[in-house]
Amino acid sequence: GLIFYDTKVTVMNRVLNATVQRTADHAAPEITLDPLEIVGGEIRSSENSYFCQAARQLGCVPSSQLCVKLASGGDPTYAFNIRFTGEEVHGTSGSFRHFLWQVCKELQSSSLSLLLLCPSSAVSKNKGKYILTPSPITYAEEQLFHFFGQLLGIAIRADVPLPLDLLPSFWKTLVGEPLDPDVDLQEADILTYNYVKKFENISDETELEALCAEIASQHLATESPDCPNKPCCKFTYPSLTGEEVELCPRGRHIPVGWENKDVYAAAIRSLRMRELQTPECMTAVRAGLGSIIPLQLLTTLTPLEMELRTCGLPYINLEFLKAHTMYQVGLMETDQHIEFFWSALEMFTQEELCKFIKFACNQERIPFTCPCKDGGPDTAHVPPYPMKIAPPDGAAGT
C-alpha cells in the first residue's frame, strides 16, 4: 500500500518483458474459430463457444509459447493469432481483441457455467457482478478454469482490458488476501448475511421461536420433533448453487435451539466463506495465470490494483482518450470537424462511449495507464493507443 500504482506497473512491465519465452524465430500459435458455431448469438452447447473452441486448440500449445513481450507499437505481438473461418481480416489485432471481448461475454452468460451471478444481484446490490461457481469440479472443468487463468495473464501481456465484472472477493483470493467474513459475505450474498445477523442478534428464546416461525412461513423450517406444532430450523442451508447442505454430520436431524443458535449462524457463515474462496477452482485459475506471468508479481498488488491491471476501468475517461489520440498528416486538434467530433463524444452516455470504443478499437475498455504519458524510455503507445484520426482516403469530397 506504500507504493504508487504506476510504480508497480513499471516494475511489473519490466518483469513481464524479462520473462518472455517465445523468441522472434518462433511463429505465433494460430487457432481457428468458427463463428457459425455461435450463430445468432445463442450458443447451443458450451462446447461451441469461442472459449471452449480456443481452450481445446491451445491445450496442445506449451504455455511458454504464449509468454510474449508486452504489446506495443503499431502491430503488436500477441500470445496467439486467430483466424475466423470464412472471414478475411487484415492484421491480427482486431480479431484478437474481438475474441477476448466475445469470451468475456460468454463467461458472463448462461452458456458457460464457470462463473455465477452473485446472489446479492437478485436484490439489486452488486448487480451484474460474478463469482467463481463453487462446486466440486471435474477434470474437464479444471482445464477450463486453468484456461481462464491463462486468459487473465494473456490479457495483461497484451494490455487489452477484459470487460469482466467480478466481485472483489475473487481478486482478493487471487492475490492471496484473506476475505472479510462480514464485508465479503454482505457483498456476495446480502440475504444470507441478514439471515445470519438475525440469529446472532436474538436476545431470548421467544424471539428465536418467532424467527423460526417466520422462516417456517418461507418453507425453510420444519416442525420440532419434541413439540409437533412448534416450527424449528435444522442444521442445513442452501449452497450458492441451490443444493441443501448439511452444516454438520447428520445436520438434517439436528434442530436449532437456544444453546446452539450461534454455532448454526457461524456454520452458515463459514459455508459461504468457503464457497467464495472456492479453493479447487482458484488453484486451477492461479496455475493457469502462473503459466503466463510470474505469480510473485501478485504479492505487490492490492486486489483493486490487480483488477485495474486486468480489467481496466469500467468507464471511459474522455480526457484520457483525448490525450492519447494521434492525428494523421494534415489534421490538427483545432480543425473544426475534429472539435465537432470531440463535442459529439462529450454528449455520449457511458454506454454509448463503450460502444464507440468497441467500434474503433474492437474492445470495450481502455487500459488504465499508458507508458507514453511519462515521456520515459517506454514512450511507445500501447494498443489501443494511439487512437488515430485520419483524413478520408482518395479525393476530397464534401
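pLDDT is the predictor's confidence in each residue, on a scale from 0 to 100.

**Entry 1: confidence.** I'm working with a predicted model, so I looked up its pLDDT before anything else. The chain averages 84, and 87% of its residues reach 70 or more. Where pLDDT is low, the predicted coordinates should not be read in detail.

**Entry 2: the cores.** Which residues touch the most other members of the largest nonpolar core? I got Phe-51, Phe-80, Phe-99, Phe-148, Phe-170 and Leu-174, out of 59 residues in that core. Helix H4 gives the most to this core, with 10 residues. I picked Phe-80 and listed what it touches, skipping residues up to four places away in sequence: Pro-29, Ile-31, Leu-58, Leu-66, Phe-96, Phe-99 and Ile-154. Another core, of 18 residues, lies apart from the largest one, and Phe-199, Cys-233, Tyr-237 and Ile-268 are among its members.

Entry 3: Ser-124 has one, at about 60°. I found Ser-124 in the loop between strand S3 (115-117) and strand S4 (130-132). Asp-159 has a positive phi too, near 55°. Asp-159 sits in the loop between helix H4 (139-158) and helix H5 (168-175).

Are these two buried or exposed? Ser-124 has a relative accessible area of 53%, so I wrote it down as exposed. Asp-159 has 12% relative accessibility, so I put it down as buried.

Key:
Residues are numbered from 1 along each chain as its sequence is written. This is a predicted model: local features need pLDDT of at least 70, side-chain atom pairs count only at pLDDT 80 or more; totals for chains, interfaces and linings use all residues. Side-chain values use heavy atoms; hydrogens and water are left out. Helices (H or I, at least four residues) and strands (E, at least two) are DSSP runs, numbered from the N terminus. Buried means under 20% relative accessible area, exposed over 50%, partly exposed in between (1.4 Å probe, protein chains only). A nonpolar core is a set of buried Ala, Val, Leu, Ile, Met, Phe, Trp, Tyr and Cys residues joined through side-chain atoms within 4.5 Å. Contact means heavy atoms within 4.5 Å.
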